[in-house]
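Trainee: I am new to this structure. Please take me through one part of it closely.

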Amino acid sequence: MSPSAAEAIFPEHHYLNAGTTARSWLLTTDHKRIGLMYMIAVLVSLLLGGIFALLLRFEHLTPGPTYIDAITYNRLFTLHGVIMVWFFLIPSIPSIFGNFFIPIMVGAKDVAFPRLNLASFYIYMFGAAFTLWGMIHGGADTGWTFYTPYSTTTTTVVIPILLGIFILGFSTILTGINFIVTIHTMRGPGLTWMRLPLFVWAIYGTSIIQVLATPVLGLTLLLIAVEHAFGFGLFDPARGGDPILFQHLFWFYSHPAVYIMILPAMGVISETVSAAARKNIFGYRAVAYSSLGIAFVGFFTWGHHMFVAGQSVFDAGAFGVLSMFVGIFTSIKVFTWVGTLYRGAIRFTTPFAYICGFLYFLVFGGMTGIAVATVSLDVHWHDTYFVVAHFHFIMVGAALMGFLAALHYWFPKMFGRLYHEGWGLVAATLIILGFNATFIPQFLLGNMGMPRRYYNYPERFQTLHVASTAGSTLLFFGFVIIFIYLALALKYGRVAGRNPWGSRGFEWDTPSPPPTHNFEQLPVFTHGPHEYQEVPEVSRVA
Amino acid sequence: MWTFLATEILLFGGLFAAYAEYRSLFHEAFLLGARHLDAIMAAVETVVLITGSFAVVMALYYAKSSRAGMARLCLLAAAATGFVFLALHGVEYFHHFKEGALPGKYYSFAELRVTGISLFFALYFLMTGLHSLHVLVGAGVLVWLARRALSGEFSGQHYHPVELGGLYWHLVDLIWIFLFPLLYLV
Amino acid sequence: MVDASTEAEHGDLSPARYAVIYVCLLILTVATYSLSRLSLGTWSLVIALVIAITKSSLVVLFFMQLWQHRGSVRLALATALIWLLLLTFFVVADVRTRFPLTNPTANPVLDGPVWSPGSPEEPSPQTSTP
């Protein structure tokens, strides 16, 4: 895909300049503006979570104390986890790009419940406020997983943070409901389920997970708070309570939660891959159904976080086997994407760089996931840096690559301008290299026995820790560069025009930036969004 | 709305799972605890909530036929059943407070001492408490709908708010239909 | 709201029919209470759940008009219920298949003795009357 230089006009009236008062933004019901507001909030969360990560990595430059004490370290990794999981990763693609593009992609003027959409945003901010308050007062030191009985007895400020996440859960649920109803009921004429963009399928699957899983999280956090405040004994062994019950309830949500994080990124890759290769997607139905497959099967696997926690051998075995099934759907997607790229007319642009990064990180991260899902292996790796590296490969490596791909692919559509491709590729390279430098040492560390969430470590691990920290600094610089050139592009970028990538996605049929009601006239759908050429019957491989 | 109801089912679902686990572990405590609770009162509460559900169904029927007065009456009747339920439940709670049958570390009821009993009461208070909170919200929604009904807002074309409020109320009833036997009867 | 029934007019029951369902629910309530007073051992839980499921089916199908609705709504409900069963199954399976000594046992000093049938301090079953 190459930015076309022909007829690049900047529309006179679009959603950005339709009303310029603060009120028109803060009380907007325009899904595109809400998406942008989320973008600011989510990027701030990324920055905050990232700074905490850097602080952690710098502490690990030397064994023993480097510049902070142990309690601060514990609080930092807790906050890093809480912010990155709930305030960045989970809302990132759905709340920004889902909000912005789902209505456009289905041919609607807005989501099903626009005011509810705005409410979701303010609920997010409200939850963020509580968590921020908790952070200022020292933060919790329980880890983002809040395991009992420590979380129910710690004296650190656990309750405001729990409350913040609880409130945020409502934002997630409402967004999920909004998307499900929009996709079910607001598709334009001619848009059958099998013509939906694959991004929409991915968000649909994500919304199902959000709706089914988040309530259990809400309940679980509530139970910790009640236990902490009143001592009901629900998770207290002295009263007959079972700490492992907490883990069952927590992971019943949190494992599907990781699919909330990765599925939208997969949707983005499906969009960008066919645009990058200018080719029909290799197996549309396979990708569409596997999105649903991941959404459902992701719920059957939560016990693989608890192999050594004390659950029964029966459960452990069952979960180990069930966890393998998710790999099936992911590999279906990977094969489909690669099949799409094969013999495509690829232009190496920034989104394509992120696609490459994504594929690499998803495959390696995913394979290490299958590895830790094997009970016998996990006994050695559980709670070591091996697991940390595994999930960062998927969450940062794959999901974040998806986020950056989305950001770059859709930047021209959202703002009507092109960013500087050269710098885009530089930043992408830095990020991919920096990421590898940060986390591959962590696989080695974990395998050698370095436990996670430990403040001290033996001397022999220091070299790898230093390497990891060096990598994280590279990562950070990559992000700084992205921020700079994107900010500059907002004002000084070349005008993008309606469809700079030459993509067949539906959102590229409308001007860049789109008008407030998305279209000049409501579209009628006559072709699929990933169809770049007719497929004559004779050329089908037997 | 049904999607939202699905979320509520899973919210309570976590507590039902906890109940199942602890019942499995402390069978005797759960048996004795259940026998100690006031099953007759709970049966009355069940009847009250079912009546409320019926009233809500009638309210929807009247709303669709644009009979604002009857719709409003039914909605208020349903809300009233909610408040009656809460009152009866309050009596139950008060009784438990007095005798010391309280959750977790507050348990001080000398007459019933079996391993795991404080956990039974913890679950009892948590499940019925969360449910009562939903009853309160539901009753509030019904009162608000009754006010709207008075202004003649609902008709055969526009009745969805009543339908949605009704669905929420039915869900509250449904959860109690399961809480009643699990906590009080077996 | 767009996911509600679109053919409500045709499928709605008459008030009389709703009243019949209401009476059925009342009868089932009385039934479940009366049956619980008999001591049927493990069957009492099964019977109580069967009656509860019947009652809730009546409410869902008729009061909540699910029988008129499209498949996607039924799917949403079915999924929620199956997920609930999934969670409950694995939690209970965990506790029942663990090595018994690793299960929480509560504290007989705080709570009371571990009760066994025929034990002399068995409290008599009573329903408290205010």
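How many residue pairs are in polar contact between chain A and chain B?

Mentor: The count is two residue pairs in polar contact between chain A and chain B, both at pLDDT 80 or more. Bear in mind that this is a predicted model.

Look next at where chain A makes its touch. Three helices, α6 (158-185), α7 (198-230) and α8 (243-277) of chain A, each supply at least two residues of the side that touches chain B. The largest share comes from α7(A), with nine residues. By type, that side of chain A divides into 17 nonpolar, four polar and two charged residues.

Now the extent. On the chain A side, 23 residues are in contact, and they meet 21 residues of chain B. The size of an interface is often given as the accessible area lost when the parts come together. Here chain A and chain B bury about 2000 Å² between them. Carbon and sulfur atoms account for 74% of that area. In chain A, three residues lose the most area to chain B: L219(A), F232(A) and R239(A). Together they make up 29% of what the chain A side buries.

Chain C has five helices and zero strands. Of its 130 residues, 42% count as buried. Chain C exposes about 7100 Å², and carbon and sulfur atoms supply 71% of that.

How values were computed:
Residues are numbered from 1 along each chain as its sequence is written. Chains are lettered from A and ligands numbered from 1 in the order in which they are written. This is a predicted model: local features need pLDDT of at least 70, side-chain atom pairs count only at pLDDT 80 or more; totals for chains, interfaces and linings use all residues. Side-chain values use heavy atoms; hydrogens and water are left out. Contact means heavy atoms within 4.5 Å. Buried area is the accessible area (1.4 Å probe) that two parts lose on being put together, summed over both. A polar contact is a pair of N or O atoms within 3.5 Å; within protein, one must be able to donate a hydrogen and the other to accept it, and residues adjacent in sequence count only if both atoms are side-chain atoms. Helices (H or I, at least four residues) and strands (E, at least two) are DSSP runs, numbered from the N terminus. Ala, Val, Leu, Ile, Met, Phe, Trp, Tyr, Cys and Pro count as nonpolar, Asp, Glu, Lys and Arg as charged, and the others, Gly among them, as polar. Buried means under 20% relative accessible area, exposed over 50%, partly exposed in between (1.4 Å probe, protein chains only). Accessible areas come from the Shrake-Rupley method with a 1.4 Å probe; for residues, only the protein chains shown count as cover.
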